[in-house]
Amino acid sequence: MPYTPYHFGPSGFVALILRKYIDVPVFILANVIVDIEVLFYDHWPYHRYVHTLLIGAAAGLLWGLAAYPFRNIFKKVMQLVHVPYKTSFWKMLISGILGVWFHVLIDAVYHWDVNIFWPSKAKPLYNLLTKGQVKIVCLTFFIWAFISYIFAVKSYLEQKKASKVKHAAK
Ligand SMILES: [Zn+2]
């Protein structure tokens, strides 16, 4: 759980640059929700079922489904932070799954107890980068996420301006 904040940089960056195809809040929150699993166990292994591609996909799908009725709240929050937001049922489902997978992918490099390909015990990703390198990469992505956020705000304001001009012309 103390590692969860590291996921905000990479997930924020990916969600923002792919926001045409990805529901930004659903994707980012999926990255947080996965780690609820870690809270369930008071002993090792902490990463069990949700930290796999298979069960993780089911968890992400459920999260997308659960989020769907709240899409108007997400829309309001995105308006508050000035990020363009257009979603759909399928976009939310897919973003839930991809968000969980993205989290599991990073964790599979970092944590030895992640069985990404469960029920197989293969861990081809583990230690591809050292723990220190994973942390540095994640922290670097905070900068990239911030830059892509600035661009998202820019296009939000441009869209708003364009729709105002349209209204005025009527
Ligand atoms: Zn995790």
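**A close look at helix α2**

Modeller: Let's begin where Val-26, Ala-30 and Ile-33 of α2 meet Gly-60, Trp-63, Gly-64 and Ala-67 of α4. Two residues are in contact here when their C-beta atoms, placed from the backbone, lie within 7 Å. Please keep in mind that this is a predicted model, in which local features need pLDDT of at least 70 and side-chain atom pairs count only at pLDDT 80 or more, while totals for chains, interfaces and linings use all residues. Residue numbers start from 1 along each chain as its sequence is written.

How do α2 and α4 lie against each other? Their axes are 11 Å apart, and the two helices pack at an angle of about 125 degrees. Axes are lines fitted to C-alpha atoms, for helices over the stretch in contact, and angles between N-to-C directions run from 0 to 180 degrees. The crossing of α2 past α4 is right-handed, a term for a near helix turned clockwise from the far one by less than a right angle, with anticlockwise giving left-handed.

On the α2 side, the contact is made by Val-26, Phe-27, Ile-28, Ala-30 and Asn-31. On the α6 side it is made by Met-92, Ser-95, Gly-96, Leu-98, Gly-99, Val-100, Phe-102 and His-103. This crossing, too, is right-handed. As background, an α-helix has 3.6 residues a turn, so residues three or four places apart point the same way.

Now to α6 itself. Its 22 residues reach 32 Å from the first C-alpha to the last, close to the expected 32 Å, which is 1.5 Å times one less than the number of residues. Helix α6 is mostly covered, with 16 of its 22 residues buried. A residue is buried if 20 or more other C-beta atoms lie within 10 Å of its own, exposed if 12 or fewer do, and partly exposed in between.

The largest nonpolar core has 33 residues, and Ala-15, Val-24, Phe-27 and Ala-30 have the most contacts inside it. Two or more of its residues come from each of α1 (8-17), α2 (24-33), α4 (53-67), α6 (89-110) and α7 (131-169). Helix α6 gives the largest share, ten residues. Such a core is a set of buried Ala, Val, Leu, Ile, Met, Phe, Trp, Tyr and Cys residues joined through C-beta atoms within 7 Å. In soluble globular proteins, nonpolar side chains tend to be buried together. Val-24 touches Ala-15, Leu-16, Arg-19, Met-78, Val-83 and Tyr-85, leaving out residues up to four places away in sequence.

Let's step back to the whole chain. It has seven helices and zero strands; these are DSSP runs numbered from the N terminus, with helices (H or I) of at least four residues and strands (E) of at least two. The C-alpha atoms fill a box of roughly 65 × 35 × 25 Å along the principal axes. Of the 170 residues, 34% are buried. Among contacts with a separation of 6 or more, 74% join residues 24 or more positions apart.

Finally, some details in the loops. The peptide bond from Trp-44 to Pro-45 is cis, with omega near 0 degrees, and Pro-45 lies in the loop between α3 and α4. Trp-118 and Pro-119 are also joined by a cis peptide bond, with omega about 10 degrees; Pro-119 lies in the loop between α6 and α7. His-82, in the loop between α5 (71-80) and α6, has a positive phi near 60 degrees. With 15 other C-beta atoms within 10 Å, His-82 is partly exposed. Most residues other than glycine have a negative phi, and most peptide bonds are trans.
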